[in-house]
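Please read them with the structure open.

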Amino acid sequence: ILIVPNKHIDSVNVLENEDEQLIGHLFTVARQIAAQEGVAQNGYRLIVNTNAHGGQTIFHLHLHLLGGSRMRYPMG
């Protein structure tokens with residue numbers, strides 16, 4: 001599941017102090033969605049990719065919520 005804020009922010013690297021409340025809200029929404037989707041109890045992963053070497057291909061900050069099966073290590 002992608003969690004995308006309405007405000008356009010290219011990446012974590014350009015966050016401003018005034019974005020702190022918005023970023024906190026993204027994580028609160030992620031927690032709510034995880035519970036709603038039934039993955040909160042067993043666990044889930046939140047991913048934020050930043051720039052090319054971090055796997056970012058869409059330059060609008062967003063969270064990936066992954067759950068529903070056991071995560072493997074190492075992650076690709």
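1. Largest pocket. About 170 Å³ of space lies in the largest pocket. On a 1 Å grid over the protein atoms alone, a pocket is an open set of points with protein on both sides within 12 Å along at least five of seven lines, whereas a cavity is a set of points where a 1.4 Å probe fits but cannot get out; lining residues have an atom within 4 Å of a point. Grid points are joined across faces, edges and corners, and a volume is the space filled by probe spheres set on the points. The lining of this pocket consists of Gly38, Val39, Asn42, Gly43, Tyr44, Arg45, Leu66, Gly67, Gly68, Ser69, Arg70 and Met71. Two or more residues of the lining come from each of E2 and strand E3 (63-67). By class, the pocket lining has 4 nonpolar, 6 polar and 2 charged residues. Here Ala, Val, Leu, Ile, Met, Phe, Trp, Tyr, Cys and Pro count as nonpolar, Asp, Glu, Lys and Arg as charged, and the others, Gly among them, as polar.

2. Basis of the values. This is a predicted model, in which local features need pLDDT of at least 70 and side-chain atom pairs count only at pLDDT 80 or more, while totals for chains, interfaces and linings use all residues. Residues are numbered from 1 along each chain as its sequence is written, and side-chain values use heavy atoms, with hydrogens and water left out.

3. Overall layout. The protein has 1 helix and 3 strands, and from the N terminus on its elements run β-α-β-β. Helices (H or I, at least four residues) and strands (E, at least two) are DSSP runs, numbered from the N terminus. Along the principal axes, the C-alpha atoms fill a box of roughly 35 × 25 × 15 Å. Of the 76 residues, 25% count as buried; buried means under 20% relative accessible area, exposed over 50%, and partly exposed in between (1.4 Å probe, protein chains only).

4. Sheet. The 3 strands form an open sheet in the order E1-E3-E2, with antiparallel pairing. E1 and E2 are the edge strands, each pairing on one side only. Two strands pair if DSSP finds at least two bridges between them; E1 and E3 are joined by 2 bridges. Isoleucine 3 stands opposite leucine 63 in E3.

5. Nonpolar core. Which residues make up the largest nonpolar core? The 12 residues are Ile3, Ile9, Ile23, Leu26, Val29, Ala30, Ile33, Ala34, Val39, Leu61, Leu63 and Leu65. H1 and E3 each supply at least two residues of this core, and H1 gives the most, with 6 residues. A nonpolar core is a set of buried Ala, Val, Leu, Ile, Met, Phe, Trp, Tyr and Cys residues joined through side-chain atoms within 4.5 Å. Alanine 34, in helix H1, counts as buried because its relative accessibility is 0%.

6. Cavity. The structure holds 1 cavity of 30 Å³ or more. About 40 Å³ of space lies in the largest cavity, which is lined by Ser11, Val48, Asn49, Gln56, His60, Leu61, His62 and His64. That lining has 2 nonpolar, 6 polar and no charged residues.

7. Salt bridge. A salt bridge is a side-chain nitrogen of Lys or Arg within 4 Å of a carboxyl oxygen of Asp or Glu, and by this rule the count is 1. Aspartate 19 pairs with lysine 7, the closest N and O atoms being 2.4 Å apart. Both partners are in the loop between strand E1 (2-3) and H1, 12 residues apart.

8. Two loop residues. Asparagine 51, in the loop between E2 and E3, has a positive phi near 65 degrees. Most residues other than glycine have a negative phi. Asparagine 51 is partly exposed because its relative accessibility is 34%. Glutamate 37 is found in the loop between helix H1 (20-36) and strand E2 (44-47) and is also partly exposed, at 46% relative accessibility.
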